[in-house]
Amino acid sequence: MVARTNLISRRTGQRFPQAAISVVGSVKIKLLLFSCFLLTLIVLASRTPSFFGWEYQSIPPRDRTSRQGYTLLINTWKRYDLLKESISHYTRCPGLDSIHIVWSEPDPPSDPLLKFLNHVIKANAGAGRKIELAFDINEEDSLNNRFKEIKNPRTDAVFSIDDDIIFPCSSVEFAFSVWQSAPDTMVGFVPRIHLIDQSKENKDSYIYGGWWPVWWTGTYSMILSKASFFHRKYLRLYTNEMPASLKEYVKRNRNCEDIAMSFLVANATGAPPIWAKGKIYEIGSTGISSLGGHSNKRTECINRFVSEFGRMPLIPTTVKAVDSRGTWFW
């Protein structure tokens, strides 16, 4: 009886340490899980403040003394109300350093227009920020004018835009940050694609694809210069090294200068452009793209440019840059 009692005592004594070890191990696991959960909350709080109901903060203004902002290169033609609206908007964007307006009209900018633009720039820039305004006056009306080399530019980055579309400053600043990570390529909001013409035996024949082929396939090979970032050096290349025959073709047909720039950049880099997600607001109702036969003319342009370049430099890609800080579903 005594022996049985001692055996029970020994077994009970063995169970207590095992139980204690089990309890300690369970506590450690719970502490580890709690720490992981807490760390996840901290990361979420730092990356997505809107998740907790805090106000989403825009990108802070850049140091203006570094000249690391961008130049707005805006193309316009006798649409003064649209020009005023565009300048009024983009001067609120923190990264904007200077504005160059491509002016190809027979008459110079009027005094009321100059007065308005200077006033709105001063009002929106705020204290301690100086935005340069320049009109690039051209004697002849040509679409090539929008890519003339800028004399003494203040920034490496050029944001090429038409006067009839507007993007939120948050989208512009995001696209600018994407361009900074790949400054040799084009980064923008309006993608297009070149397609092989399957109806032709010659596989070097191509078709211009608009938005719907891009949407359907998720593939693109061009970013239109109506809303894109690129390095200022490409203005010099377009002005001085683009074949004169191509520039004459663009001038004569009043079309395809944007495709020509895409060819030039792709030919120089051997890399595709980058499509940045952004909401577009169209404030104009008319333009070259609204004219009949627009796609057919651009198909002719692509094949003409391939012939001039001696090859197809455009590279298809499916990459899309998305600002994940304000996006839950990509």
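## Chatting through a predicted model

User: Hi! Let's start with Ser171: leaving aside neighbours within four places in sequence, which residues is Ser171 in contact with?

Analyst: Hello! Once its neighbours within four places in sequence are set aside, Ser171 is in contact with Phe189, Gly278 and Lys279. Keep in mind that this is a predicted model.

User: Thanks. Which helix is Ser171 found in, and does Ser171 count as buried or exposed?

Analyst: Ser171 is found in helix 4. Its relative accessibility is 11%, so Ser171 counts as buried, the cut-off being under 20%.

User: Now the overall picture. How many helices and strands does the chain have?

Analyst: The secondary structure comes to 9 helices and 13 strands. The chain has 330 residues, and 42% of them count as buried.

User: And what share of the contacts with a separation of 6 or more comes from residues 24 or more positions apart?

Analyst: That share is 82%.

User: On to the cysteines. How many disulfides does a search of the whole structure find?

Analyst: The search finds 2 disulfides. One of them joins Cys93 to Cys169, with an S to S distance of 2.1 Å. Cys256 and Cys301 form a disulfide too, with their sulfur atoms 2.0 Å apart.

User: What pattern do the disulfides follow along the chain?

Analyst: Counting bonded cysteines along the chain, the pattern is 1-2, 3-4.

User: Is the disulfide of Cys93 and Cys169 left-handed or right-handed?

Analyst: The torsion about the S-S bond of Cys93 and Cys169 is about -85°, so that disulfide is left-handed. The pair links distant parts of the chain, 76 residues apart: Cys93 sits in the loop between helix 2 (80–90) and strand 2 (96–103), while Cys169 belongs to helix 4 (residues 169–181). Both Cys93 and Cys169 are buried.

User: Since helix 8 came up, how do the axes of helix 6 and helix 8 cross?

Analyst: The axes of helix 6 (residues 233–240) and helix 8 (residues 257–269) come within 11 Å and cross at roughly 110°. That makes helix 6 roughly perpendicular to helix 8.

User: Nice. Which residues meet there?

Analyst: From helix 6, Tyr234, Leu235, Leu237 and Tyr238 meet Glu257, Ala260, Met261, Leu264, Val265, Ala268 and Thr269 of helix 8. By class, this contact has 9 nonpolar, 1 polar and 1 charged residues.

User: Last topic, aromatics. How many aromatic pairs does the search of the whole structure find?

Analyst: It finds 19 aromatic pairs. Take Phe159 and Phe229: their ring centres are 4.5 Å apart and their planes at 15°, so the pair is stacked. Phe159 lies in strand 4 (residues 157–162) and Phe229 in strand 10 (residues 227–231), so the pair ties together parts that are 70 residues apart in sequence.

User: Does Phe159 count as buried or exposed, and what about Phe229?

Analyst: Phe159 has 0% relative accessibility and so counts as buried. Phe229, at 0% relative accessibility, counts as buried too.

User: Which residues form an aromatic cluster with Phe159 and Phe229?

Analyst: Tyr70, Tyr90, Phe176 and Trp179 form one aromatic cluster with Phe159 and Phe229.

How values were computed. Residues are numbered from 1 along each chain as its sequence is written. This is a predicted model: local features need pLDDT of at least 70, side-chain atom pairs count only at pLDDT 80 or more; totals for chains, interfaces and linings use all residues. Side-chain values use heavy atoms; hydrogens and water are left out. Axes are lines fitted to C-alpha atoms, for helices over the stretch in contact, and angles run from 0 to 180 degrees between N-to-C directions. Helices (H or I, at least four residues) and strands (E, at least two) are DSSP runs, numbered from the N terminus. Angles under 35 degrees count as roughly parallel, over 145 as roughly antiparallel, 65 to 115 as roughly perpendicular and the rest as oblique. Contact means heavy atoms within 4.5 Å. Ala, Val, Leu, Ile, Met, Phe, Trp, Tyr, Cys and Pro count as nonpolar, Asp, Glu, Lys and Arg as charged, and the others, Gly among them, as polar. A disulfide is a pair of cysteine sulfur atoms within 2.5 Å. Buried means under 20% relative accessible area, exposed over 50%, partly exposed in between (1.4 Å probe, protein chains only). Rings of Phe, Tyr and Trp (its six-membered ring) pair if their centres lie within 6.5 Å; planes under 30 degrees apart count as stacked, over 60 as edge-to-face and the rest as tilted.
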